[in-house]
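Here are my notes on this model, as numbered points. Please read them with the structure open.

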Amino acid sequence: MMPVTPVRKLLVANRGEIALRIFRTAAELGIATVAVYAPDDRESLHVRGADESVALPGSGVRAYLDMDAVIAAAEQVGADAIHPGYGFLAENAEFARRVNAAGIRFVGPTPEALALLGDKIAAKARAREVGVPVLEGTLGATSLEEAQDFFAALPAGTAMLIKAIAGGGGRGMRIVQRSEDVAEAWQRCRSEAEAAFGDPGVYVEQFLPAARHIEVQILGDGTGACVQLGERECTLQRRHQKVLEMAPSPSLSADERETLAERALKLARSVDYRSLGTFEFLMGEGPGERLFFIEANPRIQVEHTVTEEVFGQDLVALQLGIAGGRTLESLGISQDALRPRGYAVQARVNMEHMDATGGALPTGGVIARYEPPSGPGVRVDGFARAGYRTSASYDSLLAKVIVHTTAADLSVALRKADRALAEFRIDGVETNIPWLRALIARPEVQANAVTTRFIEAHAAELAQAAEAYVPVAEAADAAAAMAQKPELVLEGAEPVRAPMQSTVVSMDVKEGDEVRAGQQLAILEAMKMEHVVSSPCAARVVAVGAGAGQTVMFGEMLLALEPADGGAEEQAKDAALDLDHIRDDLAEMEQRRAFGRDENRPDAVAKRHRQGKQTARENIAQICDPDTFVEYGELAIAAQRQRRSLDDLIRNTTGDGMLTGLGTVNGDAFGAERARCAFAVGDYTVLAGTQGQRHHRKLDRILHVAEQWNLPVVLFAEGGGGRPGDTERATYAGISNGTFSRFAGLSGQVPLVGVVSGRCFAGNAALLGCCDVIIADETSNIGMAGPAMIEGGGLGVYPPEAIGPIDVQTANGVVDIRVKDEAEACRVVRQYLSYFQGDIAEWEAPDQRRLRHVVPENRLRVYEVRDALETIADVGSLLELRREFGVGIVTAFIRIEGKPFGVIANNPKHLGGAIDADASDKASRFMPLCDAFDIPLVSLCDSPGFMVGPEAEKTALVRHVCRMYVTGRSITVPLFTVVLRKFYGLGAMSMAGGGTYDNFFTVAWPTGEFGPMGLEGAVRLGFRRELDEVTDPEEKQRLYDRLLEEYREQGKAISVASSLEIDAVIDPVETRAWILAGLRSVKLRPPLSGRKRPFVDTW
């Protein structure tokens, strides 16, 4: 149970009327409020309705979907809670998790409840589990064959509904009544779902042709206690979008009302529901079961207002109380005390024109007059005002008119709603108020004899009837407004009109300019897309009717042109002389390329961002130097022509899940030649980054270029492995392709950098495992097989998250560098590559006197060897590899006076610095990596030897630790050994390349101590007979202490240096100078000089 901590400061991550609605309640509760806004939305009334406001980066809907920006805004102002409203991030479980992780309360359900109930398939599965009836349908992403089989199994005359798994609002939804229509409807739904939500998955269910849509309002406190606040009738919908809602439902009998409430409560209690939530049902006709659960909305609803009116409760206040740790009991809420009174109706006033097909065409403009209705039982939740310019970037909802009556007659509430709508005066933009009045006036609505398809069936009649409800005065005002805004078109001139409601981004000509045919006149933006307005002919501009930043309506004049004299030949001559003219062939090429660009795939990009990830192009942009990346194979499409249309493949598979090309990295520091790099970046937004025929060909091509020209390769390996769906195959099994062998063949020739974010299975993992270094973020799952392959092999059923998660793959040594996210991964890639590119000119050295205090004076006390590393290295130059694996040895890249080095260092905090099998493997892989690319090695030794004992031998210790000897003898770069404290026996010798004379030098700090084994063990073993002969314990201890002191004196660094077993004893402050002196004494190949070793060991 949460502690009771009232919300102190509330940020609302939303806009418009719902933000204002929440602010009002918060103010009444004494809670400080914070608004967020996109810069293009700063004039929205919600910005003024809060105590503070914070601008979000970006524009339009995308700004309100930026999780990082919203959380940063809350942290900036010290908000202790975030209310998401509805839409935007309201049902995003990841957002709720990140809010909570930031120490901020999420006003809504738990992330776990959001994840379950926000997934339509998972929610229906839970309903089945708890015995709540659902419509017959599939329980997962459904293939065409499965959809056809389901339709065939339905009773004769029954229709099927295809629905998108993700999202809502009626998109990605089709009714199928004939078997021959299944294929087209299935494909259309998938295409719409992919475009709208970035997820093409669909499922199917039985369609109820004469159904009512009824939902139940639930309130829970997270302890298992839940209450229901009645139901709402939401049957009147246009294309699955609600327009008129009422509470309670006049359609239910007492038994049906009780059954519906019980089912909603059962679902809510099954997840210990917290906060407000709505459980939606369809009610069919006829005998038998009539109430079917369809989905849950784990958030506040647009239509929550009607529930508030009939129950006399402020639902937002209850939400905030629960977010502050209150229980239903402490809030005074019990089921017995909740009694509805009368009827309430809500009408959604939208900026739109309703056509004869039931479709809504968005409108907009500057609101000249905004006079909402009033009176007893009338409430308006809106956000408009006179002088407000609407935006095409956001939802068309302008206001909600809510009426309430205590009368037990729905018709009384409907008459009041009609009266309120008649009084509502909005000038300057067209709204659906006349259409709403026409709807309410229908006798079927008055009698509640409607279904969810009523509007669709009567669309033409409603559109015609709505004309009678346009006030005469309003029509006259509109005519007057048009008269006051004359189109300044001279005789003989031709107007150029806006092709859609949009915003003028730029007006590129002025009055008097001469323009040629096809010349750009203006740029318009609508729905986050820019549209170029071009001249239809050679002409002179005689009038300009719009300017940058202005919102224009469909058909509104932008400018007027006077066609120029002269025929087509003169125009062609002018065009030929224009160096900026875009020919048709070039335009075609640009159009093809555009399908693979992020700016033309807003939904896929938005989905990627919602997942906290970057796109493939964003990753390249963060690694590559600006304007240096050139792309290979950009126009590739999936080899699936036998099963998909060309248009579909171009729109949805351009790039074939992989971006390849060349660019430079760190060019400012190392010059263009050393900065050259090849890239193979998986694009998970296209076919989940799977490896198809052309995907492989793109890889083969770029790897060939990298091999031929000696280029490092950066591989982003997110993806699910091989793709079985390609149809243009030259072979059957694909086992003769050369991609894997070609990539493996680059090992040891050029640096291979692998990066993973998300899922990396099968063939993608095989490529990743060939890399010299693997950089993976917190979301990574890496495995040689994905869930399907594991299940197909009869090895069990596992979710992707259970296969090779980041904690497993860092602890076992597969992942070299663990990072937070892709942005950090990109930064680390640049840093990692820099060590192989050469020296840097600017550097800063830490205060070297700190080295004198790293090793404690007490020789038995452990210390942090990374303190020594960070002090020896230039400031900020340390990059550690495999930190969580083989922890007995630290492996890292550093710089000293700008020059790159590799370091191996014993970690006295683990087994006292003893070298076990994992630590040996770690060092034995790192040394050849440095040697392959001519990076000198530094060894910081403090080891009592190899780990020994029966348990250690079970790890194949003999073979593993001896790798350090054979590896040490194989390297050709200099090895500089610095003994910090213990240098005992075989283990310490392996740290020096085999012995103190088997490297470039061995020096020791004054704290160094040497011996063939640990001094204490040497005394007990070497003088066992003498010690056993002494029977008195105190005398035996004195003998032991004397012998140990003699050994310590003989093994002191100064003593060992006197007998020339090491080269010098140095002041720790001199460490950097000794290493640099050693480096000056050798000659290394230039950076990136090509192959020296046959390969770099992957382990």
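1. Contact here means heavy atoms within 4.5 Å. Leaving aside neighbours within four places in sequence, Ile 775 is in contact with Val 753, Gly 754, Val 755, Val 756, Ile 817, Val 819, Ala 825, Val 828 and Val 829.

2. A word on the basis. This is a predicted model: local features need pLDDT of at least 70, side-chain atom pairs count only at pLDDT 80 or more, and totals for chains, interfaces and linings use all residues. Residues are numbered from 1 along each chain as its sequence is written, and side-chain values use heavy atoms, with hydrogens and water left out.

3. Ile 775 belongs to the largest nonpolar core, which has 64 residues. Such a core is a set of buried (under 20% relative accessible area, 1.4 Å probe, protein chains only) Ala, Val, Leu, Ile, Met, Phe, Trp, Tyr and Cys residues joined through side-chain atoms within 4.5 Å. Val 714, Val 753 and Phe 836 are also among those with the most contacts inside it. Apart from it lies another core, of 42 residues, including Met 351 and Phe 383.

4. Helix H25 (a DSSP run of H or I, at least four residues) covers residues 693-709. Its buried residues include His 695, Leu 699, Ile 702 and Ala 706. Among the elements covering them are strand S32 (713-716) and helix H26 (739-745). Just after H25, Asn 710 takes a positive phi of about 60°.

5. Strands (DSSP E runs, at least two residues) pair if DSSP finds at least two bridges between them. An open sheet of 4 strands has the order S21-S28-S26-S23, with antiparallel pairing. Its edge strands are S21 (494-497) and S23 (514-515). Val 496 has Leu 559 in S28 as its bridge partner.

Terms used. Expected span 1.5 Å × (residues − 1). Buried < 20%, exposed > 50% of the residue type's maximum accessible area, 1.4 Å probe, protein only.
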